[in-house]
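Subject: Handing over the model

Hello,

Here is the structure you will be working with. Please open it and keep it beside this email.

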Amino acid sequence: MRGCKNRGKAHGQDHRSQVRTLALRAVPLAAVALLALGAASLPTVAADRTAATAGAQAGSRFLALGIGKSVVIDLPRDIKDVLVADPKIANAVVRSAQRAYIIGAAVGQTNIVFFDGDGQQIAGYDIAVTRDLNGIRGALRQVLPNADIRVEGIGEGVMLSGTAATAAEAQQAQDIAVRLVGDDKKVVNSIAIRGRDQVMLKVTVAEVQRDIIKQLGIDLSARLNYGTAVVNFNNTNPFTAHGQPLVSGNSLAGSFGDVLNNNVTATLRAMENAGVIRTLAEPSLTAISGETANFLAGGEFPIPGVPDCSTIPCKQTIQFKPFGVALSFTPVVLGEGRISLRVKTEVSELTSEGSVVINNVSIPAIKTRRTETTLEVPSGGSMAMAGLIQEQTKQAINGLPGAAQVPILGTLFRSRDYVNRNSELMVLVTPYVVRAVAQKDLSRPDDGFTDAPDPQSDLLGTINRIYGVPGRARAARSYHGKVGFITD
């Protein structure tokens, strides 16, 4: 009897510990009756139930639920007990002897084990409660029906996997998931792009500058003697519109009078300058859809930097500033032959206008034309990304106050400076969706280039042989019309 009492006491303590870990949800009268019938056998099967609980993890099945979602579980035998590890994450509700409902309550993981009247485990489930992903899946199927995108829950976040046709579809899927989740930091985009497209961008930068400068001025100098008085007169008119005369020295000088040591010298400075500058650049770049490509054709010039005084004496540092034709673009293939481009183009050159002198070192300025935009064009289509027509006119008259305003004679005391500048800039972009080709289908500029032999160079003045690769067939040409050079 003492052993029985001890065993009963042990069973009683085990039963109380089981109650602390058991979460028996609301059940109807039928389930209550089943539980009441098996209450008497509870102390006798406690040891068996402990053994069954220890082996519950081995036969458990994984079950994923969304928050606020439920699943119906049909069991082969009548339910006696339900063990819920964490009721705050998932709940088990028994509605009949062999049917239960599992409801997801909060994000997390737990397990639920069902026991029969003999304390044997009927079934075990490892529950993973995540966000409700069905709404995201339905939205992706509706918006991107051709994409194979999988949605999985990771804690409170969402992971997108699978494949998409273009980078634009992958980005659109991520935007939809972020909008439904409400936080972009909880969305992981692991979508792979099927057969990523390559885009070649051809940019044409054409610019024409026309400058016309006219300068006309008369400088007077005189020496007049009146008895013991000597009067010296000197009038030199500057050219301020252009900043300097076109030519140095005198263009035409003449002396008038030489009576009683009186001398008057007049210098005529007249010059006209007309020039034209034509700039043409056609850089081409190829990049994978979604990636960025950069191009620079030019150079770098040194400029003095901040002196380095970490050592004594201080050392002058040199920095290099790039100039030339720079191109940067990021293509995204949208599908159906359309391409979205973010393009940055810059054409810069060194100029003496705006230059500065530091420590007797002349630092040139940079004349820059820069464009940056985002556009969408079809493959093979061209678009004028930037066009600029600029006209600048400067006029300046310098002279002796009072005398310069005298009609006709005032011309002797003044100078006129006239500057007219016209420039027209055009930037054209043409993207192509390209594929790799065989090496034999490509040609280089030096194909067939060889130096001429000495007799041919000495006697005929030829420095290289004729271009061309022997045996290479020329491509068929379908163009008919006037061809040749354009002579201005």
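How many bridges join strand 3 to strand 6? Four do, and the two strands run antiparallel. Strand 6 covers residues 108–115.

Some ground rules. This is a predicted model, where local features need pLDDT of at least 70, side-chain atom pairs count only at pLDDT 80 or more, and totals for chains, interfaces and linings use all residues. Residues are numbered from 1 along each chain as its sequence is written, and side-chain values use heavy atoms, with hydrogens and water left out.

Two terms come up throughout. A strand is a DSSP run of E, at least two residues, numbered from the N terminus. Two strands pair if DSSP finds at least two bridges between them.

Four strands form it, in the order 1-7-6-3, with mixed pairing. Its edge strands are strand 1 (61–66) and strand 3 (81–84), and each pairs on one side only. Neighbouring strands here are turned by 25° against each other on average, direction ignored. The angles are taken between axes, which are lines fitted to C-alpha atoms, and run from 0 to 180 degrees between N-to-C directions.

Next, strand 5 (residues 99–104). Strand 2 (residues 70–74) pairs with strand 5 in the antiparallel sense, over five bridges. There, Val71 stands opposite Ile102. Strand 4 (residues 90–96) is also antiparallel to strand 5, joined by six bridges. Ala90 has Gly104 as its bridge partner. A hairpin links strand 4 to strand 5 through two residues.

Best wishes

Notes. Buried means under 20% relative accessible area, exposed over 50%, partly exposed in between (1.4 Å probe, protein chains only).
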